[in-house]
Amino acid sequence: QVRLMESGGGLVQAGGSLRLSCTASENWFRLNDMGWYRQAPGNQRELVASITSNGVTEYGDSVEGRFAISEDADSSKLTVLLQMNNLQPEDTAVYYCTARLSYGLTQYWGQGTQVTVSS
């Protein structure tokens, strides 16, 4: 069982920035990748960004160039950050941290954090 603790999120005006943080109960020895998905009301859950144990990143088309995922080098635990810049109302959603095991690729989810962007 992988536990994921999310923080960040909230309300911001269009054009503003927010940073999400997700700390895992495991390290890169057991995990293949971590990332963020989001789900807006009436929409399917979609990939926002992911990062592998080798540092390879992937972004959803709608956030490419505005969001950046990275590992927090200052944390003693495995923590992944999502820096979100130039936020737009269409970015409003519940953001979920996710992690997959290296063996079997079982996927785990955080509880979700709300991001609301006002116009």
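**A strand and its neighbours**

Analyst: Leu 18 stands opposite Met 84 in strand β8. The model is predicted, so local features need a pLDDT of at least 70 and side-chain atom pairs count only at pLDDT 80 or more, while totals for chains, interfaces and linings use all residues. Residues are numbered from 1 along each chain as its sequence is written, and side-chain values use heavy atoms, with hydrogens and water left out.

Strands here are DSSP runs of E with at least two residues, numbered from the N terminus. Two strands pair if DSSP finds at least two bridges between them. Strand β3 and β8 (residues 79-84) are antiparallel partners with six bridges. Strand β3 also pairs with β1, again in the antiparallel sense, over four bridges. In that pairing, Met 5 is opposite Thr 23 of β3.

Strands of a sheet are held in pairs by backbone hydrogen bonds, in a parallel or antiparallel arrangement. Here four strands make up an open, antiparallel sheet in the order β1-β3-β8-β7. Because β1 and β7 (67-71) are at the edges, each with a single partner strand, one side of each has no neighbour in the sheet. From one strand to the next the twist averages 15°, where axes are lines fitted to C-alpha atoms and angles run from 0 to 180 degrees between N-to-C directions.

In a regular strand, side chains alternate between the two faces of the sheet. In β1 (residues 4-7), Leu 4 and Glu 6 lie on a covered face, and Met 5 and Ser 7 on an uncovered one.

How enclosed is β3 by the rest of the structure? Five of its seven residues are buried, so β3 is largely enclosed. Buried means under 20% relative accessible area, with exposed over 50% and partly exposed in between, using a 1.4 Å probe and protein chains only.

A disulfide joins the sulfur atoms of two cysteines by a covalent bond; the rule used here is a pair of cysteine sulfur atoms within 2.5 Å. The count by this rule is one disulfide. Its partners are Cys 22 and Cys 97, with sulfur atoms 2.0 Å apart. This link is left-handed, with -85° about the S-S bond. It connects distant parts of the chain, 75 residues apart: Cys 22 is in β3 (residues 18-24) and Cys 97 in β9 (residues 93-101). Cys 22 counts as buried because its relative accessibility is 0%. Cys 97, at 1%, is also buried.
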